Number of protein chains: 12
Amino acid sequence: MPTNSQVAFKRELLNTDNNQTTTATLQDNLVNLVDLALLLKQAHWNVVGTNFRSLHLQLDAIIETVRAGSDDIAERIATLGIAADGRSQTVARNSHLHEYPEGMLSVEETVQHVADELHATVTELRNAIQRLGELDPISEDLCIGICASLEKHLWMLQAQEKSN
Amino acid sequence: MPTNSQVAFKRELLNTDNNQTTTATLQDNLVNLVDLALLLKQAHWNVVGTNFRSLHLQLDAIIETVRAGSDDIAERIATLGIAADGRSQTVARNSHLHEYPEGMLSVEETVQHVADELHATVTELRNAIQRLGELDPISEDLCIGICASLEKHLWMLQAQEKSN
Amino acid sequence: MPTNSQVAFKRELLNTDNNQTTTATLQDNLVNLVDLALLLKQAHWNVVGTNFRSLHLQLDAIIETVRAGSDDIAERIATLGIAADGRSQTVARNSHLHEYPEGMLSVEETVQHVADELHATVTELRNAIQRLGELDPISEDLCIGICASLEKHLWMLQAQEKSN
Amino acid sequence: MPTNSQVAFKRELLNTDNNQTTTATLQDNLVNLVDLALLLKQAHWNVVGTNFRSLHLQLDAIIETVRAGSDDIAERIATLGIAADGRSQTVARNSHLHEYPEGMLSVEETVQHVADELHATVTELRNAIQRLGELDPISEDLCIGICASLEKHLWMLQAQEKSN
Amino acid sequence: MPTNSQVAFKRELLNTDNNQTTTATLQDNLVNLVDLALLLKQAHWNVVGTNFRSLHLQLDAIIETVRAGSDDIAERIATLGIAADGRSQTVARNSHLHEYPEGMLSVEETVQHVADELHATVTELRNAIQRLGELDPISEDLCIGICASLEKHLWMLQAQEKSN
Amino acid sequence: MPTNSQVAFKRELLNTDNNQTTTATLQDNLVNLVDLALLLKQAHWNVVGTNFRSLHLQLDAIIETVRAGSDDIAERIATLGIAADGRSQTVARNSHLHEYPEGMLSVEETVQHVADELHATVTELRNAIQRLGELDPISEDLCIGICASLEKHLWMLQAQEKSN
Amino acid sequence: MPTNSQVAFKRELLNTDNNQTTTATLQDNLVNLVDLALLLKQAHWNVVGTNFRSLHLQLDAIIETVRAGSDDIAERIATLGIAADGRSQTVARNSHLHEYPEGMLSVEETVQHVADELHATVTELRNAIQRLGELDPISEDLCIGICASLEKHLWMLQAQEKSN
Amino acid sequence: MPTNSQVAFKRELLNTDNNQTTTATLQDNLVNLVDLALLLKQAHWNVVGTNFRSLHLQLDAIIETVRAGSDDIAERIATLGIAADGRSQTVARNSHLHEYPEGMLSVEETVQHVADELHATVTELRNAIQRLGELDPISEDLCIGICASLEKHLWMLQAQEKSN
Amino acid sequence: MPTNSQVAFKRELLNTDNNQTTTATLQDNLVNLVDLALLLKQAHWNVVGTNFRSLHLQLDAIIETVRAGSDDIAERIATLGIAADGRSQTVARNSHLHEYPEGMLSVEETVQHVADELHATVTELRNAIQRLGELDPISEDLCIGICASLEKHLWMLQAQEKSN
Amino acid sequence: MPTNSQVAFKRELLNTDNNQTTTATLQDNLVNLVDLALLLKQAHWNVVGTNFRSLHLQLDAIIETVRAGSDDIAERIATLGIAADGRSQTVARNSHLHEYPEGMLSVEETVQHVADELHATVTELRNAIQRLGELDPISEDLCIGICASLEKHLWMLQAQEKSN
Amino acid sequence: MPTNSQVAFKRELLNTDNNQTTTATLQDNLVNLVDLALLLKQAHWNVVGTNFRSLHLQLDAIIETVRAGSDDIAERIATLGIAADGRSQTVARNSHLHEYPEGMLSVEETVQHVADELHATVTELRNAIQRLGELDPISEDLCIGICASLEKHLWMLQAQEKSN
Amino acid sequence: MPTNSQVAFKRELLNTDNNQTTTATLQDNLVNLVDLALLLKQAHWNVVGTNFRSLHLQLDAIIETVRAGSDDIAERIATLGIAADGRSQTVARNSHLHEYPEGMLSVEETVQHVADELHATVTELRNAIQRLGELDPISEDLCIGICASLEKHLWMLQAQEKSN
């Protein structure tokens, strides 16, 4: 078995350097996305208040997007011959997101916390897109697609923060 | 906002003691199930070998069951007025499962590791079922349903370990 | 034709005493559930206020659960050879629920009234479950399933009552 | 909150007199339809005899039509700014249908009772259609659609009464 | 090619006078409905505030109804041998609706503006229904159907304006 | 068994005179519609020429509408307690449509023949609608619905006859 | 345009003699099937008696099979370059089926008449199958498929005639 | 390979004694259910009489339930590490059901024979449920679910035996 | 009631001799197919080894084909007026297949046993096809269709036996 | 409320300059796409001639693409914190497309006009893609996707202009 | 591994001589069908002219039939234990179809070329059907089914060649 | 008609030089993809060995991707006004893939051959992506999308080559 950082397959897609930088970049964002999905479920379960049901459903829609994104990125890493790492210990240690508050949260607090972490995820993805442009157009295009969906979800959260 | 261990709603379903023991029991298993789903995804991405594709698909079928189970348990905790906790930090700290090995694993190793952790999860669920019978028949029935599905998946994994 | 309290079929499932207590218990809850469905439709039509549409849709989801539950209980009574009774006159006379207020109600009032009656229905179902455990495990399991769904709906109503 | 007979919304669709007569006419038929649905369920559960299954299924098809009709009429009343009233007490008190016999009924008796009450419902709807023609073409058209479906169901019941 | 006001087909459905009045009436309402669909999209994109998502979805449901209505009316005009006119210039010039405010609007403002314009559209449709009754029952029935749906949407908007 | 012109059922919907005129009117149009469906199938099988496939598919779409219409009218006659008559001999004897030419026909000839017979069918339906308005609003509304669909199909045929 | 009996297309599938006998055989059965579909609809509309609904539905299932069969045969004739003839006048003149009785029929009479005509149709199809075996295996196989379905329907009718 | 009564897998779910009694209980009912499905098919093919079609369809609905039940029980036995045995020889030898009469049977005879055997199957399942409660709650819950469906089917058969 | 070997219906499809030989041939194969389905389920439950899951799923796909085939043959026998016999005792006594080994089997053993019995079934079906060609083309065509599917399944089993 | 050109949300995705140029570019193309959809509907209603139906359907397929495109662009503008403007007055004033001719148009004329305006829309989108490459890869990728679909539709229109 | 002409499996379906002739006949037609599918795609991409879209869609419908046919034939060859050969080099060398012209073709030219090659394919399939009748009824029936579909497609192409 | 290398349409999307280079690049990859689909079908039919069924299904999933890709590229070439060329002779002559071995192949050999040719196809696509970036962003994006899917399929093949 290859170690975690050796290319596992004999037919190469990228040269060694590009492959290492590309997969490291993807791995960083994988951890964020896995953590974001857990955080969104936490919010989904523990939100309370007048708008509870609408936000409860909206959060599940975002989770579907985030899970599809983390799966695509992990399988892209595997396609490039490297083992992806989305274990709970790795995620707890390496995620760039803030720990979500414990207990139940009001709708307003929930929207704010989730939007903040979604924005943080998007910001790192945008940095990744810039780096990947010269390394691997397939990975770049994959991240653009995920980022586009997350930014649209961010709009639909931010639009709720506007004072009426 | 109530703290993590206060009943949040004014209409009670169980008396205070039963409620506390029931939700604590459910919370323990919630953490295991969330961790199990992450572990299964890790296996799904990093398995290699002759039977790769068949196991790759099988793991996703198990993940679907596990995620539905963790969602049902978390929402049962919320129904009982307590905040569920499935955050990455909590899961990494409190899960009873072993850390999954890093890197790529062969089909045989993958089947063995996954079956071991699935068995551990099932064993704790069976203990919970015994305790819940006298506390809350709704929670007991919920855990029986989840356990039945997991044990069937366990069979379909164990059946692959038999030497041909 | 058999009278309302005679077992109609020649092949018995329970002995006479258990059958009588079981079907009487089920009949009590049937009346509550039929009334609850009418009450929820009344609420569905006459709610007004900022969150109107979200609650309007949520109420229809609860109605679907309640109607399926009353149908299952009535057919369980029939399976045990006794005529179920869900006629409007019987429901108006025997239901344990409070009369719903006439006219249009605000979202807050609607949530509170509906949650109260849902809680009353659940409380009687829980009592039935305790009694049925020794009489007929099939009827007990049926009531557990209905109760589980209603309690989840109760959570999703109560969560909206929390002050933001 | 407006009382039960005040127009709730500021943008009027009909003048006050037409609105009052229209919604009163619709309310009368709403009560009949809600009662008819309960009566059909009662028949659905308690019919016995050779043709049991065929009639059991047919009754559920009629119930679906009747429930859709009562929902449309109640929401039409609400659209016109008046609170609809379909509560069990109101239905038991104001319905024009006969009380359905208690206990189990043979297929022949069931067909006859159900056809009689369906005919009574249709007759009142036809009177309503005549009155509504000059008051509100939208409400008239709604009642014509419901009546057409009910009359077709009436045919499929009556056709079974013909001696073979 | 026929000009805009000549009947294009040799097989007539109405006499010349009825045809001219009928199609002119339909054309007036076509313009309103096309404009209403654009206005609703504008609202759909630019609403902000606590209830954003629920209203955002509701507006799309109304748009679907309005677009189906404008399509049916335009194809009815074509069926009667006259060219329908739904071009942007015609709509901007001839629509009876008010210009929607530019920029983002709060949920309350959005509901009010949309309900006002929906009410204006419905009022003209009701006038058309009266005129069409003697000219062409097919066109009258088409407009009744569209009007019924729009009035139901109007209810679901107005119900949100009620102070809680 | 009742003869062809006796009301078969004991619960009346219309008085005797209205019933006789209504069902006779419906029977006349039933024959036309059954014949039209056969004629359209004949055209569907025997059209040839450049636009063959597009017209072949279009004819099947019209047939679907015509068959649904004849079924609805026949079942309306039965609902009114009279036996409908759609037998081949009756149709061949009583239909008001022209005999379709034998052999294969060009696209142009097919469009012209089919449009002529569709127009003839529509013209008789329009006469029926006028008569039925005072006899039975349910039957009138049914014929309006069928006529609306047929006129739209007529447009889509006539639009193909325009010289380019 | 070719006349009714000339091969319309330049690319031949069968030699001239086989083509003429094959298409004449198919045309004979086409007429029977078109008439059978009309006869079944007549029965579907005018059956009365205890088992009405079950037979009413069963007849529609047979009609679907018969219509698909007549369509396939007519298009097979067209494929062989000959114009199929399913016009009402041709059907009334050339069908080998008996005229169906007018008025309403009891369930027993209906089953007997329909079974007789279905049997007559099947008998001619079986003769056709024997003749087609040496002329055109494609047409033979098509008729075997249609015949198999009709014979199964015949069973399900005949099984109802057995005295209980 | 393990013999028929050895636990095949290394990860145990129950202790040895409980496992042996549980799987033996399940195996007894497996044989009944496999035999019941064959018996129901036999009835499905060979019933004749006026109500043929309705019963023919009803029997297939019961078969679907019975097959799902036998599959679930067999796979539960396998999950517990024991080989299930549903071979024709085992079923013919060990089934507790009576041999179904040869030849065609009337609707009345069919209903009676099928209801008797369904009742016998249910009675043994109820005994199993009692025994399993202390051995394995997962297997108990599985049998309750199967028993509930079979008892409902039994009702729908018995309801047809009532004299009209 | 007719005995097992008398033609039950009055409208004949085949002459008496052909009917007897045809139905006896079909009955022989019916028994094989019913036994094969039981044998395949036995294999489905008790296979173990590396390729377990893939074979487990494949066996269910074959079972679906076999069950559809036995149903079609039994209903063909009934269509010809003879009672089909698929009871467990008849199957255990008359099937031409070997008894399947008890206990769990490896993937290799399972494939070999199943392929052997599938081949035996196909061989008898091929003999039946030859005999049926002169007796009843409908029954011949039915058996060809079943045989084609079974032979394709045989390929997909045999292909797995090839040494890699 | 922010004015039309102020960024509405506090979490920025682009710096101010890039944001202003990006949203202005998107707004220009939004207006074109909204106008194009209206223009295509106008063509859809008013085309006549031999190929009418085929083009009528094709235009609806293009409209679906164009509407999805305008919705995506408007919501992208909103995501970037700016109010999109698709009101009828704005579209009539700012669209770069030519006014579509009034009245009915032949198939040839329709294809030519629609292809010209589709080409104009595509040309501006291509310019936008070039500018957006350096400003915002998410917006660039969105426009590439819309442009790809429109160019494929353009092909399918142009292919019809080729002289035969 | 067996060579291309050796039977690969140990369980024989046909004797050696029949097997060799059968598979050789099927292989000849396999090559034609694979080539026909490529040729149809070429036509699908490069047709231009007034009827472009209708023919473009029609060609894809034919391709679906042809691909299903070639797949069935190749898998039939494999079922008989012989390796099928559908590689590009084999197809280019052995196909009996003419090379399709390069560049774009008008609708008329496309219809003519495609109909010619479809006719050539059908003619060889008809020869194969005659030969296979005595060798293998399963293969014969398979080819009849494919041929029937292709001949129907041929009709729908030829019908377009008729001068209007 | 234009020759193979002339732009067919009057409305240009790219300037002449870019158009020529873009379409030549796309044509090169079109030939590879068409050949790859044929090669994958060959592998799909002729693979044998323990893992046969899993690989058999996997190959069909890849074929679906490859065919969609070749269709999109050919239609992109057509969109740019050039005739695509995917004829069997062109593919056999110009494809860059190796000829697939004749006869049956083991699972291991099949995986290796298919992975090699998939890798070769991907490598040329990656070169095309680099060239197209400056010529036509629409074509570049199309190739990135196809390449991403193929590379993922390559992973799922390579993962099977890892020794267990």
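Of the 164 residues in chain A, 65% count as buried. The model is a predicted one. Chain A holds five helices and two strands. Read from the N terminus, its elements follow the order α-β-α-α-β-α-α. The radius of gyration of chain A is 17 Å, close to the 15 Å that the globule rule gives for 164 residues, so the chain is as compact as a globular protein of that length. The C-alpha trace of chain A spans about 55 × 30 × 20 Å along its principal axes. Contacts in chain A between residues at least 6 apart in sequence were also sorted by separation: 81% of them join residues at least 24 apart.

**Helix pairs**

Two packed helices are described by the angle between their axes and the distance between the axes.

| Helix pair | Axes come within | Crossing angle |
|---|---|---|
| α1(F) and α1(G) | 13 Å | roughly 150° |
| α4(B) and α5(B) | 9 Å | roughly 155° |
| α4(L) and α5(L) | 9 Å | roughly 155° |

Angles over 145 degrees count as roughly antiparallel. The crossing of α1(F) and α1(G) is right-handed. On the chain F side, the contact uses Leu30(F), Val34(F), Leu38(F) and Trp45(F). These meet Leu30(G), Val34(G), Leu38(G) and Trp45(G) of α1(G). By class, this contact has eight nonpolar residues, no polar ones and no charged ones.

Chain B supplies a pair within one chain. Helix α4(B) runs over residues 107–132, and α5(B) over residues 137–158. With axes crossing at roughly 155°, α4(B) and α5(B) are therefore roughly antiparallel to each other. Their crossing is left-handed. From α4(B) the contact draws on residues including Val111(B), Val114(B), Ala115(B), Leu118(B) and His119(B). From α5(B) it draws on residues including Pro137(B), Ser139(B), Glu140(B), Cys143(B) and Ile144(B). The residues of the contact between α4(B) and α5(B) divide into 16 nonpolar, four polar and three charged.

In chain L, α4(L) spans residues 107–132 and α5(L) spans residues 137–158. The crossing of roughly 155° makes α4(L) roughly antiparallel to α5(L). The crossing of α4(L) and α5(L) is left-handed. Among the residues of α4(L) in the contact are Val122(L), Leu125(L), Arg126(L), Ile129(L) and Leu132(L). Among those of α5(L) are Leu150(L), Glu151(L), His153(L), Leu154(L) and Leu157(L). The contact of α4(L) with α5(L) has 16 nonpolar, four polar and three charged residues.

**A tryptophan in chain B**

Trp155(B) sits in helix α5 of chain B. Is Trp155(B) buried or exposed? Buried means under 20% relative accessible area. At 1% relative accessibility, Trp155(B) counts as buried. Which residues does it contact, leaving aside its neighbours within four places in sequence? From chain H they are Phe9(H), Glu75(H), Ala78(H) and Thr79(H). From chain I they are Trp45(I), Phe52(I) and His56(I). Trp155(B) and Ala115(B) are 40 residues apart in sequence, and their C-alpha atoms are 8.9 Å apart in space.

**Chains without contact**

Some chain pairs do not touch. No contact joins chain E and chain G, and their closest C-alpha atoms lie 24 Å apart. Chain A and chain I do not touch either; their nearest C-alpha atoms are 20 Å apart.

Note on methods. Residues are numbered from 1 along each chain as its sequence is written. Chains are lettered from A and ligands numbered from 1 in the order in which they are written. This is a predicted model: local features need pLDDT of at least 70, side-chain atom pairs count only at pLDDT 80 or more; totals for chains, interfaces and linings use all residues. Side-chain values use heavy atoms; hydrogens and water are left out. Axes are lines fitted to C-alpha atoms, for helices over the stretch in contact, and angles run from 0 to 180 degrees between N-to-C directions. Helices (H or I, at least four residues) and strands (E, at least two) are DSSP runs, numbered from the N terminus. A crossing is left-handed if the near helix is turned anticlockwise from the far one by less than a right angle, and right-handed if clockwise. Contact means heavy atoms within 4.5 Å. Ala, Val, Leu, Ile, Met, Phe, Trp, Tyr, Cys and Pro count as nonpolar, Asp, Glu, Lys and Arg as charged, and the others, Gly among them, as polar. The radius of gyration is taken over C-alpha atoms; the globule rule is 2.2 Å times the number of residues to the power 0.38. Buried means under 20% relative accessible area, exposed over 50%, partly exposed in between (1.4 Å probe, protein chains only). Angles under 35 degrees count as roughly parallel, over 145 as roughly antiparallel, 65 to 115 as roughly perpendicular and the rest as oblique.
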